[in-house]
Amino acid sequence: MSWRKVLIGVILGGLLLIAGVERAFDGQETGSVTGDWLLLHMLSDPEQLNPLTSNDAGASSILGYIFQGLLTRDPRTLELKPLLAESRPVISADKLTYTFKIRRDATFQDGHPLTGEDVLFSIKAIKCPLVNAPFLRVYYASVVDAELVDDYTIRFVTKEPYFLNENVLGGIDVLPRHYYDPDNLLKDVTVRELNRETSRQPDNSKRFADHFNKSYNRRPMGSGPYKFQSWKTGQEVMLVRDQNYWGNGKRGIDQPYLDVYRYRIINNPDAALVRLKSGGLDTMNLQPLQHLRQTRSKRFQKDYQKLLYFSPGFTYIGWNNALPIFQDKRVRRAMTHLTNRKQMVKAILFGLGKVIDSPIYRFRPEYDESLVSIPYDPQKALGLLGEAGWKDTDGDGLLDKVIDGKSTPFRFEIKFNSGNTIRKSVVLTLQDELKKHGITVTVRQLDWTIFLDDVRNHKFDAMVLGWAMSVNEPDAFQVWHSSQADNKGSNMISYKNSRVDKILEDYRREFDPKKRSELYREFQRILHDEQPYTFLFMGRSISAVQRRFQGVKVLPIGGLRPLEWWVPRSSRKYSSKITAQ
Amino acid sequence: MAVNRAGRRGYWSHVWRQFKRNRLAVGGLYVVLGLLTIAVLADLISSDKPYYMRYRGIDYFPIFRGYLVKLGVTKWPPELLNVNYKELGTERALFPPVPYRPDGIDLTAPFADPSLGHWLGTDKLGRDVMAGIIHGARISLSVGFVSVGISLLIGVSLGALAGFFGSWVDLVISRVFELMLAIPTFFLLITIAAVMPPSIFLTMAIIGLTSWVGIGRFTRNEFLKIRNLDYVTAAVALGVSSRSVMFRHILPNALAPVMVSVVLGVAAAILVESSLSFLGIGVPADLVTWGSILNEARSNTFAWWLAVFPGAAIFVTVLAYYMVGEGLRDALDPRLRGSEG
Amino acid sequence: MGRYILQRLFLFVPTFIGITLISFLITHLAPGDPAELLAGGGLGAGVAAGISVEKRGTVDQALAEWRAQFGLDRPLHVQYGVWLKNLFTLNFGDSFKDNQPVAGKILERLPVTVKLNILSLLLVYLVAIPLGVYSATHSYSFGDQVTTFTAFVLFALPIVWAGTMAIVFLGGGDFLYLFPPGGLTSIDYSPEWPLWERLKDQAWHLFLPVVLLSYGGFAGLSRYMRTGMLEVLGQDFVRTARAKGLSESIVIYKHVLRNSLIPMVTILASILPGMISGSVIIETIFSIPGLGQLGYQAVLARDYPIVMALFTVSALLTLLGILISDILLSVVDPRIAFGRRQS
């Protein structure tokens with residue numbers, strides 16, 4: 001589950017990053033040619049291929065080749081750059097209005113020119129409360145209004161100043177209006193009207209949503225370099241390079257090389273590996289054990305290269321800070337001292353990971369390099385617990401403390417979701433370790449939905465969960481601000497610190513990156529001292545890629561970018577008989 | 001049909017004689033008894049505490065003391081609180097043949113091959129597989145017995161009511177039977193087990209609640225048959241109360257064939273439980289069961305010992321119960337020999 | 001007879017309602033909320049994306065919107081009523097996951113599961129009938145005992161174990177690579193292959209799943225066959241036939257076999273529906289995109305409409321099976337009155 005979450009995070013976060021077809025023209029490798037196919041692995045069918053209503057990682061990665069936004073991020077510098085827009089937007093002095101000029105040479109895959117009308121339609125479709133995209137809509141809640149200045153200029157009005165608004169607006173997938181709303185039902189519906197609740201929606205808005213929710217789940221069409229070709233349930237999704245892609249040969253626009261992407265759906269990673277070895281796949285993510293035990297042969301090394309990179313996501317133990325036991329920061333620090341994180345990385349992640357101490361991705365400028373990892377040290381932990389009043393006073397081998405005049409043994413319950421073997425291993429290891437020191441832990445494995453529900457409602461003592469980390473500018477407001485504890489927000493552990501609140505608020509209104517970094521370094525030092533979470537580790541991913549592909553490089557932020565890959569004529573494996581319809 | 005006590009005793013000794021003739025069934029019975037012994041004595045066969053040890057000149061019996069501490073009779077001496085006996089530095093110690101607990105984690109020895117140290121190897125957290133299998137016997141057998149107990153209770157009550165009273169009672173109860181037959185039981189089980197918080201008692205309960213229909217129908221048919229026998233009609237004519245007729249006159253005679261279903265039911269319940277824990281649902285995460293070890297083999301195919309041993313344990317147990325059940329069926333009624341139930 | 005069938009059908013109504021009601025209550029009262037499940041992805045992603053979620057209020061509103069869209073905000077009895085009403089028009093609703101009609105999703109996967117089950121049923125009969133015949137004609141011989149014992153061993157062999165072992169040792173892991181560890185066809189399978197190649201590829205993929213799905217059935221069916229045959233062998237007409245001097249093989253294969261095969265056919269109707277739910281495990285082990293897998297995933301995802309539909313279809317099939325085998329049985333053996341079945 002965690003990797004899925006991570007993936008969704010990376011993809012939504014870097015929507016443009018993956019979708020992006022940005023690449024410096026002069027940086028192009030010599031000899032890169034078009035042609036050949038790429039056979040990719042997917043663990044399960046995408047749920048649907050609708051750019052707005054899809055909610056899963058598989059779909060997002062496919063849709064990233066089909067749809068484009070106004071802006072994109074450079075995959076290496078992570079800077080925002082124009083894609084469908086001519087340049088970055090003009091931001092008003094009050095930081096509320098964003099004006100984008102749209103390229104005049106962009107077209108959709110069916111040849112229709114892409115204009116401001118399509119951009120306006122796209123934001124309307126997202127905002128339409130009857131469109132089945134409630135979770136995407138949340139990100140656009142700050143968009144108050146949008147209107148066309150002329151055919152190729154659009155102006156967005158946002159609710160409040162926020163440095164990430166440009167990112168949000170630039171990330172809107174531009175959908176062809178003539179294709180997704182052939183009757184132009186949303187023409188006269190304004191964004192302000194769409195902001196009203198469901199019952200007060202105009203009739204056209206309902207008619208549009210009914211049609212949109214149902215009819216476009218298996219036939220996406222956008223302006224990106226790859227066209228959707230076919231989807232055989234349980235077997236494969238095929239994309240084909242658009243010969244007439246508007247960006248072909250354009251300066252500053254990434255050039256696609258491979259003719260066909262075939263996402264082969266294989267639920268079982270072992271089966272996938274067998275297929276990789278027999279040439280039925282060109283690339284796949286390897287499980288740690290596959291990397292360590294099943295892909296060491298010379299033959300494999302000859303045909304495939306393996307690339308390792310950190311996945312921007314981490315696992316943590318969350319202590320319910322509102323609970324009397326865990327209110328004391330000494331107890332939380334003791335817990336971290338009792339968690340043998342290094343050994344966990346070694347045994348549970350097979351060494352393919354790294355202990356972390358902060359929620360900020362290590363390779364971000366906001367990361368605080370001065371943090372010193374808290375070591376595994378049971379003696380120190382028992383000392384801290386003793387200071388906090390936890391001692392074995394009655395000789396039963398269990399730590400206890402007098403709370404409200406009653407001797408209370410140190411016991412708590414730790415919850416995690418089923419189906420995640422890494423978290424399960426973490427929990428069992430911790431349980432076994434704490435047992436040795438007189439702390440009773442009961443473990444509860446819950447189905448994902450029930451787990452989420454409990455966690456959101458603060459119904460847990462401790463829990464293990466993961467967060468995806470942003471490879472772009474992070475915003476930790478939602479997870480750490482005290483206001484997010486009481487309204488079922490993502491501050492599930494009820495962490496409350498007024499200094500942290502202040503930092504998080506200032507950060508969002510700060511448009512200077514340097515100052516933002518300073519604020520966040522202080523924030524990380526506070527977290528490190530208070531240990532509201534025991535941060536565990538981030539994992540490494542391993543990808544195997546067939547050696548005939550050139551230009552295969554790990555991005556500085558982790559991950560690969562098949563868009564840059566190409567195959568020299570001499571080693572081409574497939575000739576493309578498949579052409580886009 | 002014998003009704004009096006002596007007659008019944010004669011009937012059972014006849015059954016026993018018949019049963020003993022069937023070598024496979026007797027073999028199965030030995031295996032079942034062996035498993036029961038292992039389940040009862042699991043703590044003595046596999047534990048990380050020694051039976052006996054001498055530490056700083058004093059003799060201790062930690063396993064047995066552990067029992068007493070649990071009972072609240074005594075306490076651990078301070079020097080033995082939360083200790084690792086193997087690293088204690090005892091002068092002398094006698095450990096059980098399998099000196100591990102099933103849930104004892106050792107992150108320094110994950111996926112150890114079977115060896116003298118770990119007879120059947122270890123799993124991904126370094127837990128001893130042999131210890132897991134020994135203690136798993138306990139879980140497996142209790143799941144079998146408790147869930148069959150539940151289905152016996154429901155099946156016999158409903159079957160008896162339907163068979164004894166007939167007419168509309170039978171009509172209504174037969175609809176319930178039909179319902180249970182037509183509902184996809186295993187899918188129902190998975191649905192409940194997957195959505196409820198995992199608990200071994202819940203698993204027992206849902207297996208019991210979904211598997212009584214065979215016993216129910218059997219009981220009903222037996223009751224239908226026996227109800228019309230002369231001695232029952234006579235009892236009813238004599239004014240014996242319905243309850244008395246049902247429980248004292250019919251039930252004991254109807255139970256014999258039901259016993260076969262019970263024995264086979266234990267095997268079926270063990271199979272179902274292993275399927276559930278194989279899917280990773282139904283049992284709590286920190287409980288090591290045969291199915292949960294097998295489940296690990298799925299994602300770690302190189303660790304063959306995780307597949308071979310727990311699976312063999314399930315297989316042998318189930319086979320033994322089947323053998324006993326079949327032997328019992330043949331012994332109870334030679335007429336039934338070879339027919340399906 | 002027509003009256004009997006009508007009566008049976010009438011009695012099925014409460015049973016059927018009971019089944020749908022039970023499955024409805026289990027799915028809808030179970031803890032966990034499909035809306036939260038969908039929101040999980042969005043919320044986690046939002047943080048990662050560094051995009052602000054203004055307040056949890058908005059997410060709650062999003063959840064409420066979603067529930068309203070699928071009618072989950074209405075009282076339970078109303079939801080059940082709507083579901084039942086739709087059922088009469090064979091409308092199973094839309095999947096929560098992708099808004100696609102449930103009926104379509106089931107039909108899409110039905111062929112796979114049916115293929116798997118029909119093949120394994122065939123295998124069961126092909127193996128069990130000769131075994132049963134052999135056991136009956138050589139009853140109480142050493143061979144009979146060995147056959148019976150072997151069938152039993154197979155019966156007791158847990159499918160989860162056999163499946164795992166097959167993948168570990170035969171599926172191309174660290175040991176042998178005799179069979180693919182999953183899937184239905186090779187990766188480069190295409191309908192343009194010659195028929196023979198296509199069949200070969202499918203057979204290679206289906207071999208393990210079909211064998212694993214079948215072996216447990218050998219014991220039951222072969223013993224059923226044996227008993228049936230022994231019964232027929234003891235009947236008068238067999239004695240007459242033998243007395244007429246017909247050769248033993250003619251007696252066995254022409255008279256006895258034919259007569260004892262009929263009940264075997266009747267139990268077919270009762271085996272088929274059960275096997276469909278039984279393929280959950282096999283489809284999970286071999287990652288076969290069939291109904292079992294669909295159902296299991298739907299349960300985990302709280303995709304109520306799919307779970308309900310599978311319960312309903314499966315129950316309908318079983319009820320139909322019961323009816324058919326009742327009728328067949330009475331046609332075959334007129335001694336069984338149209339009444340309640342014994343056993």
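**Exercises on a predicted model**

In this predicted model, helix α10 of chain A, residues 269-277, is largely enclosed by the rest of the structure, because 8 of its 9 residues are buried.

**Exercise 1.** Identify which residues of α10(A) are buried, and state what covers them.

*Solution.* Begin with the criterion, by which a residue is buried if 20 or more other C-beta atoms lie within 10 Å of its own. The residues of α10(A) that are buried are A:Pro269, A:Asp270, A:Ala271, A:Ala272, A:Leu273, A:Val274, A:Arg275 and A:Leu276. Next, look at the cover over these buried residues, which includes β1 (37-42), β11 (283-286), α11 (288-294) and β20 (533-546) of chain A. Finally, follow the chain past the helix, where A:Gly279 has a positive phi, near 85 degrees.

**Exercise 2.** Determine how the axes of α5 (residues 102-137) and α11 (residues 291-300) of chain C are oriented, and describe their contact.

*Solution.* The two axes come within 8 Å and cross at roughly 135 degrees; α5(C) and α11(C) are therefore oblique to each other. On the α5(C) side the contact is made by C:Lys105, C:Ile106, C:Arg109, C:Leu110 and C:Thr113, and on the α11(C) side by C:Leu291, C:Gly292 and C:Leu294. Sorted by class, this contact has 4 nonpolar, 2 polar and 2 charged residues.

**Exercise 3.** Describe the contact between chains A and B, then consider the confidence in chain B.

*Solution.* Chain B gives 23 residues to the contact and chain A gives 26; the chain B side divides into 14 nonpolar, 5 polar and 4 charged residues. Chain B averages a pLDDT of 87, with 95% of the residues scoring at least 70, although over residues 336-341 the pLDDT is below 50.

Terms used: Residues numbered from 1 in each chain as written. Chains lettered and ligands numbered in written order. Predicted model: local features only at pLDDT ≥ 70, side-chain atom pairs only at ≥ 80, totals over all residues. Axes fitted to C-alpha atoms, helices over the stretch in contact; angles between N-to-C directions. Helix = DSSP H or I, 4+ residues; strand = E, 2+ residues; numbered from the N terminus. Parallel < 35°, antiparallel > 145°, perpendicular 65-115°, else oblique. Contact = placed C-beta atoms within 7 Å. Nonpolar A, V, L, I, M, F, W, Y, C, P; charged D, E, K, R; others polar. pLDDT = per-residue confidence, 0-100. Buried ≥ 20, exposed ≤ 12 C-beta atoms within 10 Å, placed from the backbone.
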